[in-house]
Amino acid sequence: MSSGFGAGKLRNRDENRMYLAKARVEGKETSMATNGSAGLQDALLDQGFGGTEDLVSDWYIYETMEPAVQQDDMFPNAIPDCDPTISPRLYHICMAPISLAVLMGLSLLVKRRRLHQSCWNGVPGLLSPANFLEEEGNRGLVAAVFGILFSSLCVLVLDRDPLPLIAQSSQSTREYWKILALLYYPAFYYPLVACATVRHRLSYLLGCLLSWCHCLVHIWQKVDCPQSPKIYRYYSTLSYIPIILCLVLLSLWYPALLIRSFTAQEDTLEKEVPGRGYYKKYLKAVLSKRPQKGSSTKLDESLLSRVQAYLRSYIYTPEEGFRIPLKLVLSITTAVIAVYQVALLLLVAVVPTIQIVRAGMTKDIVVLLVQFGLVPSENPAVPGDMEKELNTVKYYLWSLEVCYISSLVLCCLLTCAMLLRTLVMHRTNLKALYQGAVLDVFYKAHILRPSQRAIVCWMSFAGFQTAFACLGLLIQQVIFFICSVGFTFLIVIPLQSGTNTHLFKIIRNMWPFWLTLVLAVIVQNLAAHYQFLEQHPLRKELTNRRALYIVTYLLFPINVLVGVLAGVWRMVISGLYNAIHFCQLDISLLNRNVETFDPGYHTYCHYLKIEVSQSHPVMKAFCLLLLQPAGPEGMRGLRAGGVEEGIQLMQPKKAPPSRARFKQSRARWWLAYTLLNNPSLTACRKTALSDPTANGTQLSPPKP
């Protein structure tokens, strides 16, 4: 009975298919629709719901005969939750009390400065994580701890359990645990940086043990569970790479400090006043500088030399006698880690999805895309094999993936280049402020002294730099991805396939309009150069004013259209410029009159005030001289050779007078006498032609 029923179903399916095909061939739409509906109703009444399912499955005549893609081939199997041998909760339960005990033990090695110094001989004291206003110390160690702290912040933002001590947190309380975790992680990693600040052998030993424990546990967890179901199977392991690298650096740094404490003999004054060596080097470099004689500005520089000079301005090279502040080192370190974390998240969140869609693309979906006109086809009304269209769709998806990865790589390179540019500009600004040239850095005169706002900006500078790097990378990725996709699908792919897109059609149909605009711009430039400008050796004058007025009136409508294009270009170039330089805090993205509304630049200006007023190398060197004891022990380090060297640096050598020098002086006096009696000759001198500020010519100050 069942076999007969199945044969009847197959027979009815064949009859319905032949019936509909015959109706399309003969073109009897109305009559065949009526008879077909009657036949379909009879089939539904005879076969029941089983016939309905067969009819729905055979409704599309263009049925693909390819085998269905297996689900396992399209989507990878679900990755189960991996429980490492040392779970994060167990790790933090064990290490948090140890970190607290280390902090309490280290506080016994530090004396109090103000509060009840007579009690217990001034111990315990308050631990300091680092001397942020000093230029010497364990800068790499402090930067590594800040890198661990920021990477932990990136992990807890996307984690289901932001606070490892609390497992299986609910959705309603998860945000509160995230806020608590923002305070927990700095306290958890506090001993890693405080052990180096105490400068004691016991603290170095504790730092070795702590860094080794943290490093071994993190490496063991990732080796035990390299894959996780969060976002991408290897995302958890890749996001922990900065943490592991920083812990490896700490595991090597603390043993080196411990060994050095046993072998090296450090001076007592070096221990009490950190940064003494840098201040001496800076002062020596400043005093030993000589003005370069015979240096003149080159009037004609080649294009290659200009390009090389521009590229060198983006490459930070260490300079003798100058060291960038510790806060800037921390901000650049965390900003680079932020670029890595954001780029990794953007990569693993989009690229695997595009690959899965490309692998699971079928001909049924291609038919739908062809009908909507998204995929070109030779005969979209009557689809055929669809093999060519399927390959076209896969090629489109592959091109989309290439555009995404290429734009992401370009954004990372641009952001890192801007961060290097920040180092160069910061060194230039600091050197100018050290010399007192305030107007070379700021638009208006500023008093370089601490204030409430300056202290707040100094504290938040590193955080602002890191956040701006993250946001800048996201904005650049969106802009460059859209631009790369538009360039690929509107220009590159149509040129490869030989098809005309809407862009080419618009350009082809509107070529007289574009030609008119180009000719109008060329005519105006030629007329301005040859007809409306009268050039003299020393000045330029406006001429043919009547013709100038006529041309200005006649070309006004065309200039309106040119202005529309110029406005579009202004919008594009300003958007690209602001997106690329978004991570730079040393420049303002707003006009000078409203630059105070730029929070990044405002923070940077106040940060410079604190750095210059509190960490000026010459001021620190002078304070070291005042702090030096006046007894014989204090004068022991001040040798006669050093005094003699300082006198030689302060007093330049006097060259013996010669006949050539006498002639040069006499010629200069004659030149001065001639210029005083003939002031008009001043503008004809070579230096006046090359430099408008030479020979006493003053430029008008910029208007506020």
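User: Where is the place of Asn544 in the chain?

Analyst: Helices (H or I, at least four residues) and strands (E, at least two) are DSSP runs, numbered from the N terminus. In this predicted model, Asn544 lies in the loop between strand E2 (540–542) and helix H21 (545–554). Residues are numbered from 1 along each chain as its sequence is written, and side-chain values use heavy atoms, with hydrogens and water left out. Because the model is predicted, local features need pLDDT of at least 70 and side-chain atom pairs count only at pLDDT 80 or more, while totals for chains, interfaces and linings use all residues.

User: What is the phi of Asn544, and is Asn544 buried, partly exposed or exposed?

Analyst: Buried means under 20% relative accessible area, exposed over 50%, and partly exposed in between (1.4 Å probe, protein chains only). With a relative accessible area of 37%, Asn544 is partly exposed. Its phi is near 50°, a positive value in a residue other than glycine.

User: Which residues of H5 are buried, and what covers them?

Analyst: An α-helix has 3.6 residues a turn, so residues three or four places apart point the same way. The buried residues of H5 include Tyr91, Met95, Ser99, Val102 and Leu106. Their cover, judged by contact (heavy atoms within 4.5 Å), includes helix H7 (174–188), helix H8 (190–198) and helix H9 (201–224).
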